[in-house]
Structures are given as C-alpha cells and as structure tokens.
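Here's a quick briefing to read alongside the model. Have the structure open and follow along.

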Amino acid sequence: MKYAMLVLKNLTRSKRRTILTVLSIAVSLFIFSALVSMPAVANRFLADSASTTRVACHNKAGVTYALPEAYKQRIAVTPHVAAVSAQSWFGGVYHEISDQFPNMAVDPEMVGEMWPDWDISPQALHDFQRIRTGALVGTETMKKFGFRIGQQIMLRGTIYPFNVTLNIVGTLGGKAPPSFLLFRRDYLEEAAGRPGFVDVIWVKVDNSAQVPQVIASLDEGFANSSAETLTEPEAAFYGGFLAGYRLFFQIAELMGIVVVFTIGLVAANTAAMSIRERRSEIAVLRSIGFPARVILSMLLAESLTIALAGGLLGAGAAYLVLKLVTMEGVIGAIQMPASVLFEALVAAALIGLLSAIVPASAAARRNIVDALRAVA
Amino acid sequence: MAIPLKYNLRSLLVRRVSSAMTGGGIALVVLVFAIVMAMVAGLDSAIESGGSPDNMVVLRRGATTETVSGFSIAQYEALKYLASIRRTPSGEPYASPELPVQALAARMDGSRDNIVLRGVQQIGMLVHDKVHVVEGRMFKPGLSEVIVGRGLVKRYRDCTIGSTLHIGRGAWKVVGIFEAGGSSFESEVWGDLYQVQKDSARGLYYAVVRIKLAPGADAPAFIRRIADDPQINLQAESEADYYRDQTLTADRMRALGMVVAIIMAIGAIFAAMNTMYAAVSARTKEIGTLRALGFSPGAVMLSFLIESLILASLAGVVGVILALPVNGFSATVANLQTFSTMVFSFRITARMVFEAMLFAAAMGLLGGWLPARQAMRMSVVDSLRSH
C-alpha cells in the first residue's frame with residue numbers, strides 16, 4: 001500500500017508531463033483501435049449476419065452476367081430447398097449519386113421464409129405481399145434520409161432507364177445489413193419490359209448439413225448450360241465483394257502497427273526523461289534500504305499506470321466514436337469488437353513496460369555513491 | 001538580436017537520445033501521411049490518366065459509370081456520323097462503341113476478382129490514343145482473341161501471349177499485351193465487341209461510345225445535340241469530366257488517411273511538447289544566462305520555437321525518405337463505383353513532399369509553442385538562482 005502511494009505521488013509530481021503522456025498514448029491507441037477494428041468488423045459482419053442455410057446462386061462468369069429467370073423454378077424443385085427468391089440489383093440513387101446505398105428487387109412471396117433473421121414484422125410482410133410498390137428499408141437508410149413507414153419515395157435508375165416510385169411498408173432489422181432497401185421484382189420486371197434475367201437466386205436450404213449437397217447439385221445441374229452457376233454460402237458471397245478491398249485493410253493494419261511504434265517512442269522518451277531527473281532521489285531510496293527490485297517495480301508500475309490510463313482512454317473513445325459514427329456502404333454500423341479492446345490494452349501494457357524497463361533498471365542498479373555524487 | 005542557430009543545434013545534440021525519439025515519432029507520422037497520399041495520388045492518376053483531352057464519353061441518360069450504362073445499336077448509328085466527330089482519311093468516324101463487362105478472373109493465388117472485359121472494334125485503338133499493343137499483335141475481328149493490359153500480367157493466371165484465358169463464359173486466346181499510359185485500362189482485357197456481346201448474353205447493345213471530336217469542334221453543342229436529338233437521347237461529357245467523377249475510391253482513402261494522419265499528429269504534438277518542456281526546464285539556468293547577456297524574451301521564445309522547428313523538419317525529411325521506396329509500388333484495389341479491380345502504382349510527387357514537410361513543420365511549431373512561451377516568461381533572477 002505504501003508503495004502504491006509512492007507511485008501515485010510520483011505520477012502527480014509533474015502533472016503536465018503525466019497528462020501529456022497519457023494523452024499522446026490515448027490518441028495513438030484510439031487510432032490503433034479504430035484501424036484494427038475495420039478488418040475485424042468486416043469479418044465479424046460476414047460471420048454474424050450471414051445465415052448458414054442461405055446460399056447465393058449466381059453466374060459463374062461474373063457480376064454483370066445474369067441468370068435466366070427460369071432457373072428459379074428448376075431450383076425450387078431441388079431436394080432440401082425450402083425457399084427461393086430471385087434478386088435483381090437496381091442500383092438506384094435517392095437524390096445525389098453520393099447517396100448510394102444497396103437497393104434491389106426480390107420476389108415477394110417467400111421473403112419471410114428466406115430472411116427469418118431480418119426481423120420483418122408480420123404486418124410489413126403482409127403489406128409487402130399486398131402492395132406492388134412496397135419497399136422494406138434497413139434502419140440505417142431509414143435514419144439517413146429521415147424516411148418513415150408509409151412514405152412514398154422515388155429512386156432514380158442508373159442501370160435501368162427509368163425511376164421507381166416506392167411506398168415504404170416496413171423496416172429491416174435483426175441481422176439484415178442496415179443500409180439495404182428491398183422492393184418487389186414483379187414491379188421492376190414490368191417496368192423493364194420483362195427481360196427475364198436476374199442477378200442472384202437466393203436459396204434457403206432446409207438444414208445446414210444439406211448445404212454442400214444442395215450447392216453441388218445446383219452447380220452440376222447447370223453445368224454446360226448457357227449460364228453456368230456458382231453457388232456459395234452467403235458469407236462467401238459477400239466476402240467476395242469485400243475481397244477487392246483487402247488493400248484498404250492491409251493499409252489499415254500497417255498504419256495500426258506504425259502507430260504502436262510511434263507510441264512506443266513517445267512513451268520511452270518520457271519514461272527516460274522522468275527517470276533521468278530522479279537519479280539522485282533513487283539513490284537516496286537505495287541508501288535508506290529500498291532494494292533495487294522494489295524500486296524497479298515502482299518505476300514500472302508508474303509507467304504501466306500511465307500507459308494503461310492512455311489505453312483505456314483511447315480505446316474507450318474509439319469504442320464510443322465508432323458506435324456514434326456509422327460507415328456508409330454494405331457493412332453498416334461499425335462496432336468495436338471486444339477483442340480489439342483487449343488487444344489495445346495489451347499493446348498499452350507492453351508499451352508501458354518496455355518503455356520503462358531500460359531506464360528504470362539502469363537507474364535502480366546504478367552505483368549509489370556515483371548517483372549521489374552526480375550533479376542533477 | 002537573435003540567439004545563434006548553433007546554440008539550438010548543439011542543444012539538440014546534447015539531448016540526442018531524447019531528440020531522436022521525439023523526431024522518430026514525428027518521422028513516423030510523416031511516413032504514414034506520405035504513404036497514404038502516395039496511394040491516393042496513384043489511384044487518382046490511374047483513373048484520370050485514362051482520358052484524352054478531345055475525347056467524349058457517351059452513356060445512357062442517368063448512368064453514372066460505363067458499368068451501369070446500356071443503349072441500343074440504333075442510338076449509336078444515329079450519332080455515329082455527326083459532323084463534329086473526327087474522321088479517318090478513309091472517312092470512318094472516330095466513334096468507338098464499347099461493352100465493358102465485369103468478369104471473374106483468377107489471380108495467381110487462385111482467388112477470383114472482377115475485372116473488366118471490354119468489347120471494342122478496331123476503331124477503338126484510334127480513339128483511345130494512349131492504348132498501344134506493346135507485345136504480340138492486335139486481336140482479329142470475329143475471333144475469340146483478346147489483348148490484355150500490362151497491369152494484369154503476372155497478377156492473373158494465363159495473361160501471357162499464347163495462353164488460353166478463361167474469363168466471362170468463354171475461353172479466349174491471348175495474342176497481345178497493351179499499355180495505356182499507366183491508366184486503369186491497363187487492368188482490363190480487350191476483345192472483339194461482337195464476341196463480348198455474345199459472351200455476356202444480354203442481347204445486342206452497347207454500354208458506351210467513346211468519341212474523338214474533330215479539331216475545333218464545339219463540344220457544348222455536341223453535348224446538347226446528343227441529349228436533344230430524339231433519335232440519340234444519350235448523355236455526353238468530356239473524358240476529363242467523366243473521370244473527375246470517378247474518384248470516390250480515392251476520396252474515401254484520402255479522407256481516411258487525413259483523419260488518421262491528423263489524429264496521429266496530435267499525438268506527436270503532445271510528445272514534442274513533452275520534450276520541449278523538459279528542454280526548457282533542464283535549461284532554466286541557461287535561459288537566465290541568455291537573458292542576463294541581453295537577449296530579449298522574444299529572442300528566447302523564437303530560439304526555442306526554431307529548435308522545435310529544426311527537430312520537426314529533420315524528422316520530416318527522414319519520414320519522406322522512409323516513404324520513398326513505396327514510389328512505383330503497384331497494388332490492386334476494387335473501384336468502389338464499378339466493383340472492378342484496378343491496378344495502380346503508388347506515386348510520390350514533389351508537391352506531396354512539400355506538403356509532408358509543411359505538415360512536419362506544423363507539428364514542430366504547435367508542439368514548441370507553449371514550452372517556448374514558458375521559456376520567454378521566466379524571470380531572469382529566479383532562473384539564474386535555480387539549479
């Protein structure tokens with residue numbers, strides 16, 4: 001206890017220095033946590049929001065290659081297929097091009113069976129099946145544009161040469177990507193003059209053990225046809241889109257590491273400064289009987305306290321900021337995983353220990369007579 | 001009178017470990033700043049350098065990119081012979097109908113990316129005046145032959161002359177490799193327009209017409225004609241304008257990089273303040289001596305600011321030098337607007353070096369300001385008495 005008091009006294013001796021060091025560590029760990037969260041959040045989004053029994057069947061050749069609508073009927077009669085919904089990407093914009101959010105048309109009949117994890121209310125499902133211009137909108141998009149249920153909105157076509165007028169009948173919650181907007185494909189098909197092509201056919205398998213078998217039977221069934229298919233579990237399908245951004249994630253991770261190095265330098269510098277100034281004092285402590293081991297632990301405890309305070313402050317701020325600010329795009333709201341908080345605190349602890357260990361052990365072992373004699 | 005610079009240089013050297021660590025922090029911040037900016041500059045350059053000054057892009061009305069555009073062959077026929085379009089000596093217009101589709105291609109490690117498979121006619125090579133076949137030959141019309149961009153070679157499987165490349169639904173024979181001035185076209189595969197239409201199986205249509213205007217042609221009048229003629233009813237804009245709107249990817253990266261760099265800079269400023277405060281308090285007696293010798297409080301403050309500035313500028317130089325090796329490093333990233341993958345090279349420009357140095361100097365000034373002011377305000381008698 002008496003040691004704790006001594007550590008505390010030392011910390012408050014130069015308040016300005018302690019505060020500056022805590023702040024610089026906090027700022028850096030804030031950045032570290034935010035950067036390291038990005039890939040972790042993307043991975044977790046894929047793992048969490050994807051259903052293990054939902055698979056996406058699309059053209060093997062690439063995203064702009066379509067599937068004939070007629071495939072839907074063939075898929076529906078495949079064993080272990082519980083529900084099927086074809087999807088066409090509309091890619092409309094609300095007002096400005098920069099307002100882009102994912103919007104697509106799906107078959108309304110089996111929305112409830114296909115996406116039971118998207119928390120669509122029975123009333124909304126009922127209205128979506130009843131109203132041809134109905135739309136279901138994710139919570140984030142609702143909030144971003146100030147939409148409310150019952151509102152009529154117009155989306156400007158970018159791929160299609162027309163606009164669609166939609167009535168919002170309900171919201172998408174639960175595990176639904178919060179920026180999505182779904183409307184009815186029969187409405188889109190009619191407006192487009194029934195081209196008979198779809199982008200993705202979503203398939204709900206009756207139990208997850210049958211997924212590999214269903215995937216194999218679909219892809220084999222359509223092999224050597226005019227449109228060969230590639231069927232993937234939902235996580236792999238979305239993961240394919242994210243794969244193109246691996247460079248962003250690599251850069252983010254690289255920056256995270258550089259930031260940690262930077263903090264290391266800052267902390268080591270401060271620790272060295274503060275210990276250097278106390279050399280003769282440490283010698284006094286030694287000469288009145290404090291063992292070197294105790295002095296070393298006290299100095300380390302001091303540095304550790306500063307680093308952990310900075311770590312908590314920085315990682316905590318990152319957690320709050322990420323919670324408040326949401327990123328646009330498919331990923332939706334970013335939330336910091338607990339593992340990142342843990343990593344940030346471990347990084348802080350390491351910084352605290354490593355930065356002080358060299359100057360502290362040197363000071364603790366220094367010859368008492370020399371230290372007392374030296375002019376500070 | 002100002003305190004000699006030599007005093008500052010020597011002071012920095014006396015505390016060399018501490019100076020090096022503070023400088024190291026600033027150098028790393030400058031390094032991150034420079035790398036991100038080099039990436040943004042590379043992305044910008046890959047996208048913007050695709051355009052030629054007298055070229056126009058014609059898309060379906062409302063379409064934001066080639067990827068989402070599409071119109072009938074009749075609309076193309078209606079605009080093809082407009083007078084403001086340049087002609088070859090044999091009278092063929094410089095109007096290149098194209099169909100870029102997103103097709104999956106296998107990288108060397110087996111993972112698959114969307115890349116652009118662009119259907120063009122032979123005239124396309126004249127309209128895109130930056131595109132040149134550098135190895136092998138141009139594809140022949142009517143055959144399943146393709147030429148591949150330089151950026152794809154060694155990154156994607158079968159992108160060598162003589163190989164059979166499986167992209168889209170078909171199998172294509174690679175007959176040539178082309179360059180396009182470092183632009184994102186170098187991340188594409190080009191084949192015969194009709195063959196690509198057949199491959200995408202969405203019927204006969206074009207997504208874009210690239211046009212080279214005749215010398216002296218009235219571009220605004222051309223744009224109005226394209227929009228107002230009921231037979232055409234498309235939208236035209238200059239390639240420069242078109243590519244200026246395609247910077248979403250680079251803009252996002254720039255925003256992220258700036259936020260990170262600025263927050264890191266705040267951390268580095270705290271560190272610099274710490275060091276400079278320590279420098280001031282360790283030299284209390286020296287400051288008193290300087291004042292007693294007749295240097296004004298302003299000169300003392302200026303001297304400490306200069307010291308901080310020297311340290312930060314040296315650190316800035318180190319940071320920029322550390323960042324230099326990324327110049328020319330090439331990487332791939334998906335374009336946020338078209339989803340297609342593009343290859344680009346990091347670019348360090350003179351302007352960026354200048355900005356990085358300014359950034360470092362700003363960190364030094366901000367970090368040195370408060371400690372320097374404290375040094376200025378010390379009383380001469382008290383500081384001489386301290387020990």
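Let's start with a helix: α11 of chain B covers residues 350–377, 28 residues in total, and spans 40 Å from first C-alpha to last, close to the 40 Å expected at 1.5 Å a residue. Keep in mind that this is a predicted model. After the helix, we'll turn to how chain B splits into domains.

**Helix α11 of chain B**

- The helix isn't straight throughout: α11(B) bends by about 40° at B:Trp369, with a proline, B:Pro371, following within four residues.
- That proline, B:Pro371, is also one of the buried residues of α11(B).
- Other buried positions in α11(B) include B:Phe359, B:Met363 and B:Met376, along with the glycines B:Gly364, B:Gly367 and B:Gly368.
- Alanines turn up on the buried list of α11(B) too, among them B:Ala356, B:Ala360, B:Ala372 and B:Ala375.
- What do the buried residues of α11(B) pack against? Their partners are α2, α8 (248–282), α9 (284–292) and α10 (297–323), again in chain B.

**Two domains in chain B**

- Domain 1 of chain B is made of two stretches, 5–48 and 247–385, while domain 2 runs over 62–232.
- The C-alpha centres of these two domains of chain B sit 46 Å apart.

**Where the domains of chain B touch**

- Contact involves 12 residues from domain 1 of chain B and 14 from domain 2 of chain B.
- On the domain 1 side, α2 (16–48) and β12 (341–345) of chain B each supply at least two residues.
- β12(B) gives the most to that side, with 4 residues.
- By class, that domain 1 side has 5 nonpolar and 7 polar residues, and no charged ones.

Methods. Residues are numbered from 1 along each chain as its sequence is written. Chains are lettered from A and ligands numbered from 1 in the order in which they are written. This is a predicted model: local features need pLDDT of at least 70, side-chain atom pairs count only at pLDDT 80 or more; totals for chains, interfaces and linings use all residues. Domain bounds come from an automatic or database domain assignment. Two residues are in contact if their C-beta atoms, placed from the backbone, lie within 7 Å. Ala, Val, Leu, Ile, Met, Phe, Trp, Tyr, Cys and Pro count as nonpolar, Asp, Glu, Lys and Arg as charged, and the others, Gly among them, as polar. The expected span of a helix is 1.5 Å times one less than its number of residues. The bend at a residue is the angle between axes fitted to the seven residues ending there and the seven starting there. A residue is buried if 20 or more other C-beta atoms lie within 10 Å of its own, exposed if 12 or fewer, and partly exposed in between; C-beta atoms are placed from the backbone.
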